[in-house]
Amino acid sequence: MEKVDVIIVGGGLAGLSCAYELADSGMTVLVLERGDFSGSKNVTGGRIYLRPILPYLPDIWEQAPLERHVTKEVFTAMGKTNSTTFEFYSERFNQEPYPSYTILRAKFDRWFADLVTEKGGFVIPQKTVDDLIRENGKVIGVKSGDEEIGADCVVAADGILSFLTEKAGLRKPFQPQHFALGFKEVIQLDSKTIEDRFRLSENEGAAQLFFGALTRGIMGGGFLYTNKDSLSLGLVVGLHSLNRKEPREEIYKLLDQFKERPEIKILVKGGEVVEYSAHLITEGGINNMPRLYTDGMLVVGDAAGLGLNMLATVRGMEYAIVSGVLAARAIKGAKERNDFSASSLVEYEKLLNDSFILKEMNTFKNTLAVLENERLFTKYPQVICDLFEKVMWVDENPKEGIYKTKMAELKKHFFNIETFKDWLMFRKI
Ligand SMILES: Cc1cc2nc3c(=O)[nH]c(=O)nc-3n(C[C@H](O)[C@H](O)[C@H](O)COP(=O)(O)OP(=O)(O)OC[C@H]3O[C@@H](n4cnc5c(N)ncnc54)[C@H](O)[C@@H]3O)c2cc1C
């Protein structure tokens, strides 16, 4: 059997960052990617925060195909026929090194794969791994079709449904409540139009999140990110909540209906859909992660359940990249010790524990329970919008005082035991 030092299964962000960190270490590193090229099967919203990554991977960003740096945060509560938007701008977000960028994975991952190749790694596209090869319980390689390739260490970077972690017996059976489903369109528009519509200067970007009536009572929300000359528009819904919904919703129709809302229609007007994608998102949190290592194998990125819905933002890409780098560091240590057993690879878990990733996963461990509360997606956004509507509405009747209008509504909807319980729950995140 042909043998290399390290096989990385999956050429997404986690696999590629691991390969990049290992590529000049003298080890032979093979990335096996089932897609036509890295980026062809990878989906994100997507916004990436660079500051958490820079200490681990400082040197690749100057040339990276990033889209716009985000200077404007927009949150929109949607009622059935109305909406309320809160917009935040900060000069701090507009200073280099910019904290976050919008990103298109089809471009970014492809570029990153080329970088790995330049540095000495091998990225092999159209290569699906079908199984692990094990000897006395230890992972010693992978099978792809009829081919068998041996390795001292296999890295499972095969994304959210990672069948490698399942084959290795590292994870519990999946539960629908641990996943959300994302739908996304990339809509091409020229950069000047984007800048005018979103009131942005050149290269500046906006990130807009939506919650409320757009998901029709299903746990979830919408997103809109401005790229250089396109918009990424999508919806994310909890699988569990989607399954429970009666009558059933055709999920793709939700996105069409969202686009038909006047608030969105005007933003995407004249644009052409150039990409459509759907993908699962990990929502299980720290309590539902698989075991991260076994004899001869490590698990990184989405495959390791490293992702968070922090309500105000979705995190996954930084976790994928940094977990890849940390896995590479653990592998380098194992190589020095010439020991790829679980007791040597445990180093990876220690590195993850010390990093921001597991600290954040721990801080946000109750997010899932908070998100299960459907009032967040139904009652509250509607009440907020109706309240503003009442305040702003003028007709033939004499207008009531603002305080009186607001207090009556606030008392009716918020001064009750249900909202008090929701508030107590909210304090957990
Ligand atoms: C709709 C949506 C919105 C999101 N928004 C954001 C956001 O705004 N910010 C953020 O940080 N995160 C976001 N995320 C999460 C983020 O995109 C993921 O956490 C991240 O892509 C994980 O990267 P990864 O490399 O671990 O997995 P992936 O990118 O999924 O890569 C896995 C790779 O493995 C390959 N593969 C799988 N099985 C095999 C096999 N058997 N053989 C060979 N190759 C295989 C796949 O083809 C794929 O290329 C979002 C996710 C979705 C779906």
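Biologist: Which residues touch the most other members of the largest nonpolar core?

Modeller: This is a predicted model, where local features need pLDDT of at least 70, side-chain atom pairs count only at pLDDT 80 or more, and totals for chains, interfaces and linings use all residues. Residues are numbered from 1 along each chain as its sequence is written. A nonpolar core is a set of buried Ala, Val, Leu, Ile, Met, Phe, Trp, Tyr and Cys residues joined through C-beta atoms within 7 Å, and buried means that 20 or more other C-beta atoms lie within 10 Å of a residue's own, with C-beta atoms placed from the backbone. Here the largest core has 111 residues, and those touching the most other members are Ile-8, Val-9, Cys-18, Val-154, Val-155 and Leu-298.

Biologist: Which helix gives the most to this core?

Modeller: Helices are DSSP runs of H or I with at least four residues, strands are runs of E with at least two, and both are numbered from the N terminus. The top contributor provides 12 residues and spans residues 317–337: helix H8.

Biologist: Which residues does Val-155 touch?

Modeller: Two residues are in contact if their C-beta atoms, placed from the backbone, lie within 7 Å. Leaving out residues up to four places away in sequence, the partners of Val-155 are Val-6, Ile-8, Val-9, Gly-15, Cys-18, Leu-298, Val-300 and Ala-327.

Biologist: Let's turn to strand S13. How many of its residues are buried?

Modeller: Gly-220, Gly-222, Leu-224 and Thr-226 point one way from S13, while Gly-221, Phe-223 and Tyr-225 point the other way. Both sets are buried. For S13, residues 220–226, the count is therefore seven of seven.

Biologist: Which strand pairs with S13 over seven bridges?

Modeller: Strands pair if DSSP finds at least two bridges between them. S12 (residues 204–212) pairs with S13 in the antiparallel sense over four bridges, with Phe-210 opposite Gly-222. The partner with seven bridges is also antiparallel, and a hairpin of three residues joins S13 to it. This partner, residues 230–238, is S14.

Biologist: What distance separates the centres of domain 1 and domain 2?

Modeller: Domain bounds come from an automatic or database domain assignment. Domain 1 covers 2–66 + 103–171 + 289–354, and domain 2 covers 177–282. In this pair, 10 residues of domain 1 are in contact with 14 residues of domain 2. Taken over C-alpha atoms, their centres are separated by 29 Å.

Methods
A residue is buried if 20 or more other C-beta atoms lie within 10 Å of its own, exposed if 12 or fewer, and partly exposed in between; C-beta atoms are placed from the backbone.
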